[in-house]
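Here is a report on a single protein chain. Please look at the sequence and the model first.

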Amino acid sequence: MNLQLLSLFLDKEIYLVPGEKHDYTKFQSRREEPVDASTESVETLDETPSITFEGGFEKGILVIHEEMDLRAELREMLFNLFGALQFSLKDMALVSAEHLEGLPMESITNLGPSRVVVFGLVRHDLMSFQKSKYEIVQEDGIEYLFADSLGAISESKELKKLLWKEIQILFNIKK
């Protein structure tokens, strides 16, 4: 259990007073090897940071875009695309690439997406999964689709067609 989960049911701060004797053995009984207190505190402080996103994420769809601020016309195009698939913002997590910079890959896997759609270039380890644009890749039980930036897609009819074709495959939509 990590500190974030503990904070859900512990509503008051807990303090360890230096000099007091604490019995850590009852906590070690489930472990195969005893762990000293200094190692335990390092493990709990080393939590994986969470991702800041917009949306409800009810269907496990993670949408990442390279734009810092999503312009109104790009936002509308994105919601029209997912609306055609019968998804709305409550079904997905919408993340700007700047929120991912510096975060480990565990931040994404801990979020638990089933599908990840990446628009544009993102400075993150997940880009190592990209073989080519508009090709669905499966890694560790997560399906990834990498596409051009939303700005480039909005200006090109051919890119819109490519995206629509692959996104239908990604979400098992038969037309």
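## The E4-E5 hairpin

Asp 140 takes a positive phi near 50° in the hairpin of E4 and E5, which has 2 residues between the strands. Strands, like helices, are DSSP runs numbered from the N terminus; a strand needs at least two residues (E) and a helix at least four (H or I). E4 and E5 pair in the antiparallel sense over 4 bridges. Strands count as paired if DSSP finds at least two bridges between them. Ile 136 stands opposite Leu 145 in E5.

The model is predicted: local features need pLDDT of at least 70, side-chain atom pairs count only at pLDDT 80 or more, and totals for chains, interfaces and linings use all residues. Residues are numbered from 1 along each chain as its sequence is written, and side-chain values use heavy atoms, with hydrogens and water left out.

## Overall layout

The protein chain has 8 helices and 5 strands. From the N terminus on, the order is α-α-α-β-α-β-α-α-β-β-β-α-α. Of its 175 residues, 34% count as buried. Buried means under 20% relative accessible area, exposed means over 50%, and partly exposed is in between (1.4 Å probe, protein chains only).

Contacts are heavy atoms within 4.5 Å. Of the contacts in the protein chain with a separation of 6 or more, 70% come from residues 24 or more positions apart.

## The sheet

Strands of a sheet pair through backbone hydrogen bonds, either parallel or antiparallel. Here, 5 strands form an open sheet in the order E2-E1-E3-E5-E4, with mixed pairing. E2 and strand E4 (136-139) stand at the edges with a single partner strand each, so one side of each has no neighbour in the sheet. From one strand to the next, the twist averages 20°. Axes are lines fitted to C-alpha atoms, for helices over the stretch in contact, and angles run from 0 to 180 degrees between N-to-C directions.

Strand E1 (residues 61-65) pairs with E2 in the parallel sense over 5 bridges. Ile 61 has Met 92 in E2 as its bridge partner, and Leu 62 has Ala 93. E1 is mostly covered, with 5 of its 5 residues buried. Ile 61, Val 63 and His 65 are buried on one side, Leu 62 and Ile 64 on the other.

## Helices H4 and H8

H4 packs on the sheet and touches E1, E2 and strand E3 (115-119). The direction of H4 makes about 155° with that of E2. H8 lies across E3, E4 and strand E5 (142-147), running at about 175° to E5.

How do the two helices meet, and at what angle do H4 and H8 pack? The angle is about 35°, and the axes are 11 Å apart. H4 passes H8 in a right-handed crossing. A crossing is right-handed if the near helix is turned clockwise from the far one by less than a right angle, and left-handed if anticlockwise. Met 77, Leu 81, Phe 82 and Ala 84 in H4 meet Lys 160, Leu 163, Trp 164 and Ile 167 in H8.

## Arg 115

Arg 115 is found in strand E3. Is Arg 115 buried or exposed? At 18% relative accessibility, Arg 115 counts as buried. Its side chain makes a polar contact with the side chain of Glu 143 at 3.4 Å. The Arg 115 side chain also reaches the backbone oxygen of Leu 170 at 3.0 Å. A polar contact is a pair of N or O atoms within 3.5 Å; within protein, one must be able to donate a hydrogen and the other to accept it, and residues adjacent in sequence count only if both atoms are side-chain atoms.

Leaving out residues up to four places away in sequence, Arg 115 touches Gly 60, Ile 61, Leu 62, Glu 143, Leu 170, Phe 171 and Asn 172.

## Aromatic pairs

The whole structure holds 5 aromatic pairs. Rings of Phe, Tyr and Trp (its six-membered ring) pair if their centres lie within 6.5 Å; planes under 30 degrees apart are stacked, over 60 edge-to-face, and the rest tilted. The rings of Phe 53 and Phe 57 have centres 5.8 Å apart and planes at 50°, so this pair is tilted. Phe 53 is partly exposed at 32% relative accessibility, while Phe 57 is buried at 13%.

Phe 87 and Phe 171 form a tilted pair, 5.1 Å centre to centre with 55° between the planes. Phe 87 lies in the loop between helix H4 (72-84) and strand E2 (92-96), and Phe 171 in the segment after helix H8 (157-170), so the pair ties together parts that are 84 residues apart in sequence. Phe 87 is buried at 16% relative accessibility, and Phe 171 is buried at 8%. Phe 82, Phe 87 and Phe 171 form one aromatic cluster.
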